[in-house]
Amino acid sequence: MANTMTVQEAAELWGLTTRRVSTLCKNGQIAGVEKQGRSWLIPASTPKPADRRIRSGAYMKNVRPVNLPLPIGISDYRLASSEYYYIDKTMMIKEFLDERPMVSLFTRPRRFGKTLNMDMLRTFFEKSNEDTSIYFKDKKIWACGEKYREYQGKYPVIFVSFKDVKCETWFDTYDNIYKLLQKEFERHLELMGSDVLNQYDKQKMSDFLSGKTNENDVMAAFATLSELLDKHYGIAPVIIIDEYDTPIQQGHVCGFYDSVVRFMRNLFSGGLKDNKHLSYGFLTGILRVAKESIFSGLNNLKINTILENKYSEFFGFTPDEVKEMAHYYGADDKYGEICDWYDGYRFGKTEIFNPWSVINYFSNGCEPRAFWQSTGNNEIIGEVLANADNSIYEKLHDLLQGKSILSYLDTGVIYPQIQNNPSSVYSFLLVAGYLKLVKTEPSFNGDFMGELALPNKEIAFVYNKEILQKLSNIIPQSTAISIQEALYSGDSENLQKCLRKLLLESVSVFDTAYENFYHGLVLGLCAMLDNRYEVTSNREAGEGRYDICLIPRQKRLPGILIELKACKDCKEEELKPLAKEALNQIDQKLYDRAFANGKASHIVKYGVAFSGKKVEIETENSITD
């Protein structure tokens, strides 16, 4: 209509965002506005409305600005993009259509918008009785032209999310997966009335809906449904599988990994491998999972990890998006705090904020907290720590001290390898969102060597709670506290008593063979000292390399040096001389030079000897120069 203008036209005229104009219309701040379907029609003569938004965050606790609500936990694209504050990620569609790989896998940490983006793809591509173009006409993809618009609403879609399949047995997991697949068959009940499908085709539908299927039929679900949809609509469907690896991780943790991998391999192969009834496929997950374990023979798979530049800005929030969000909610002055707490990730070359935490930050009246804590399942990290050696403990503690570490990054790691190779924990922590990539160097086999660090304050807090405290599964907290108190005070008798108790109650006989094990155990105890000490291990000082050194951050605490010895099958009376030898080595090698320049007013030195579950300790106190 000539005497009206669209939201897009008004936004361009007034110099506002389309989201802001839509909000003004919804809140009745534009006179004479009318709604036609899902679109607003604004009188063409309307002047630019006055900006009544609060510009300071000072009143956010008491006065809520009249703005769109925050999309906490919203993974429905239609709802998120029309009723909540939505950051436009639709250019992901353009990036895909420019390349059009047959099957795309996106790996990102939990709560970084994977499910919402997959639902966005479903809404864009899916044929529907509803005109779903209204959810994109005010978005960036629509302005890209007819070349991209012609794909909207063109395909039937199969959409399944495995994000909630977290069962403790294979029986329950299989039942859960079947119900999800059955629900997707129900979503396409139009096939039962199809004039194109024959009775045999419809019987397949009926059998799946009524539960008259065996495991082979269920593993063929994607292949079967895609064939029926292709026949009915005359165009092959798009298959979208969200959080594909959740059941696989659960299988590894709960002991049915082989069963779930076999099932998922066949399920995915039927739908994605050499399927002539497939237009495009999309998958998301946390781990890439090596091709040979799940995607066997799937040569049409394009993998997009956090190391690649493609799609790097579409999962999580960019700095500009966070600034705009802060401005919208009247919290421009809070941007620095948001950076400290929730920034620091890097996907490809793009700086990324944790979207879950940023949204919750605004919802919480701009009070920072570790919102990301306990939003996922981390049994695997505990499993790795249970098998970690002293180098793992040392690096984990270095990270908490704000340092960076260098590690080989295995982007194709599979779950059993995490157990068999504890050093792969760094690759897992990176892809799971616990570490950021500072810089990378190509490795000899196509993977990377990476410099890793904690991304922000939130993860430093979460790291301590969810990772270092996993050590409590190995070291009971009460025992750890008693050992720490004995270390502080130089009470070798009590320290020996506590260590012997720990060895008797918590450590397998098969683990107590080498000095490396005891080194890792003691270093793990020291790593639980929070930030009171800088803990180092195997560093040069004086005329050698000490085992463990604790440099106090406050001079009222003692400096601590620990030298360890271990022997197999030693008798009780042989351990005391061995402990004395360890203590003497501290003095002979001048390890106390580590406390030069006044780093500690006094030092407690420990010589510790282990054999099996027996321990003997010798101690000495000295004043630094």
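## Reading the folds, pair by pair

Visitor: Which residue in strand 20 is the bridge partner of Ser 611?

Guide: Lys 614 is the partner of Ser 611. Before we go on, note that this is a predicted model. That bridge belongs to the pairing of strand 19 (residues 602–611) with strand 20, where 10 bridges join strands that run antiparallel.

Visitor: How many bridges join strand 18 to strand 19, and how do these two strands run?

Guide: Eight bridges join strand 18 to strand 19, and the two run parallel. You can pick out one of them by eye: Ala 566 has Phe 610 of strand 19 as its bridge partner. Strand 19 is also mostly covered, with nine of its 10 residues buried.

Visitor: What is the strand order in the sheet that holds these strands?

Guide: Read across, the order is 14-17-18-19-20, an open sheet of five strands with mixed pairing. Its edges are strand 14 (533–537) and strand 20 (614–623); each has a single partner strand, so one side of each has no neighbour in the sheet. From one strand to the next, the twist averages 15°.

Visitor: Now for empty space. What is the general idea?

Guide: A probe the size of a water molecule is rolled over the atoms, and that shows where empty space is left. In this model, the count comes to three cavities of 30 Å³ or more. The second largest cavity holds about 70 Å³ of space.

Visitor: Which elements each supply at least two residues of the lining of the second largest cavity?

Guide: Helix 21 (477–489), helix 22 (492–506), helix 23 (515–527), strand 18 (559–566) and strand 19 do. The lining residues include Leu 487, Leu 499, Val 522, Ile 562 and Tyr 606. By type, the lining divides into 10 nonpolar residues, no polar and no charged.

Visitor: Which residue of strand 7 does Ile 240 stand opposite?

Guide: Phe 282 is the one facing Ile 240. The pairing behind that is strand 6 (residues 238–242) with strand 7 (residues 280–285), parallel over four bridges.

Visitor: How do I read burial in a helix?

Guide: Start with geometry: an α-helix has 3.6 residues a turn, so residues three or four places apart point the same way. Then look at helix 11 (residues 246–254), where seven of the nine residues are buried, so the rest of the structure largely encloses helix 11. The buried ones are Thr 246, Pro 247, Ile 248, Gln 249, Gln 250, Gly 251 and His 252. Gly 255 follows helix 11, and the phi of Gly 255 is positive, near 90°.

Visitor: And loops? Is Gln 152 buried or exposed?

Guide: Gln 152 has 13% relative accessibility, below the 20% cut-off, and therefore counts as buried. Gln 152 lies in the loop between helix 6 (146–149) and strand 5 (157–161). Beyond its neighbours within four places in sequence, Gln 152 is in contact with Thr 123, Phe 124, Thr 132, Ser 133, Phe 136 and Trp 142. Leu 307 is another buried loop residue, at 18% relative accessibility, in the loop between strand 8 and helix 13 (319–328). Leu 307 and Phe 347 are 40 residues apart in sequence, with their C-alpha atoms 5.9 Å apart.

Visitor: What share of the 625 residues counts as buried?

Guide: The share is 56%. The chain's secondary structure comes to 24 helices and 20 strands. Among contacts with a separation of 6 or more, 72% are between residues 24 or more positions apart.

Note on methods. Residues are numbered from 1 along each chain as its sequence is written. This is a predicted model: local features need pLDDT of at least 70, side-chain atom pairs count only at pLDDT 80 or more; totals for chains, interfaces and linings use all residues. Side-chain values use heavy atoms; hydrogens and water are left out. Buried means under 20% relative accessible area, exposed over 50%, partly exposed in between (1.4 Å probe, protein chains only). Two strands pair if DSSP finds at least two bridges between them. Axes are lines fitted to C-alpha atoms, for helices over the stretch in contact, and angles run from 0 to 180 degrees between N-to-C directions. Contact means heavy atoms within 4.5 Å. On a 1 Å grid over the protein atoms alone, a cavity is a set of points where a 1.4 Å probe fits but cannot get out, and a pocket is an open set with protein on both sides within 12 Å along at least five of seven lines; lining residues have an atom within 4 Å of a point. Grid points are joined across faces, edges and corners, and a volume is the space filled by probe spheres set on the points. Ala, Val, Leu, Ile, Met, Phe, Trp, Tyr, Cys and Pro count as nonpolar, Asp, Glu, Lys and Arg as charged, and the others, Gly among them, as polar.
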